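Subject: Structure for you to look at

Hello,

Here is the structure I promised to pass on. My notes follow below it.

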Amino acid sequence: QVQLVESGGGLVQAGGSLRLSCAASGRTFSSYALAWFRQAPGKEREFVAAVGRNGGNTHHADFVKGRFTISRDSGKNTVLLQVNSLKPADTAVYYCAAASRSYLSDYVPLAVHEYAYWGQGTQVTVSS
């Protein structure tokens with residue numbers, strides 16, 4: 001059974017930092033792109049960041065560039081999201097996801113429908 005389990009969320013003041021982690025089990029995702037999405041109450045799930053199978057290609061949403069950094073440790077089947085300079089607008093449930101297919105290149109999918117495996121989410125709350 002494939003499982004993605006996020007951790008590291010919490011309550012933090014504006015300007016603070018968190019390190020979100022996602023551990024995969026049940027299969028290896030070393031050849032799959034991994035990503036983070038988030039969903040705030042009443043809003044659609046949105047793309048935050050993704051990393052290709054080799055770890056060398058990453059893409060971050062414009063609203064997190066310079067503040068969030070995605071990375072992966074394929075040996076440990078994990079994906080990390082370092083979140084700095086948090087704002088109240090970053091308050092959301094953060095989900096990690098694994099792509100629905102393996103790409104030969106370091107391609108990074110950006111759309112929700114391109115990901116088939118999802119974690120249960122971890123809450124990030126930023127107070128002003």
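Which residues line the largest cavity? They are Leu4, Cys22, Ala23, Ala24, Phe29, Leu34, Asn77, Thr78 and Val79. A cavity here is a set of points on a 1 Å grid over the protein atoms alone where a 1.4 Å probe fits but cannot get out; lining residues have an atom within 4 Å of a point.

Two caveats. This is a predicted model: local features need pLDDT of at least 70, side-chain atom pairs count only at pLDDT 80 or more, and totals for chains, interfaces and linings use all residues. Residues are numbered from 1 along each chain as its sequence is written, and side-chain values use heavy atoms, with hydrogens and water left out.

The structure holds one cavity of 30 Å³ or more. Strand 3 gives the most, three residues.

Now the sheet. Four strands form an open sheet in the order 1-3-8-7, with antiparallel pairing. Strands are DSSP runs of E, at least two residues, numbered from the N terminus; two of them pair if DSSP finds at least two bridges between them. Strand 1 (3–7) and strand 7 (68–73) are the edges. Five bridges join strand 1 to strand 3 (residues 18–25). Glu6 has Cys22 in strand 3 as its bridge partner.

Best wishes

Notes: On a 1 Å grid over the protein atoms alone, a cavity is a set of points where a 1.4 Å probe fits but cannot get out, and a pocket is an open set with protein on both sides within 12 Å along at least five of seven lines; lining residues have an atom within 4 Å of a point. Grid points are joined across faces, edges and corners, and a volume is the space filled by probe spheres set on the points.
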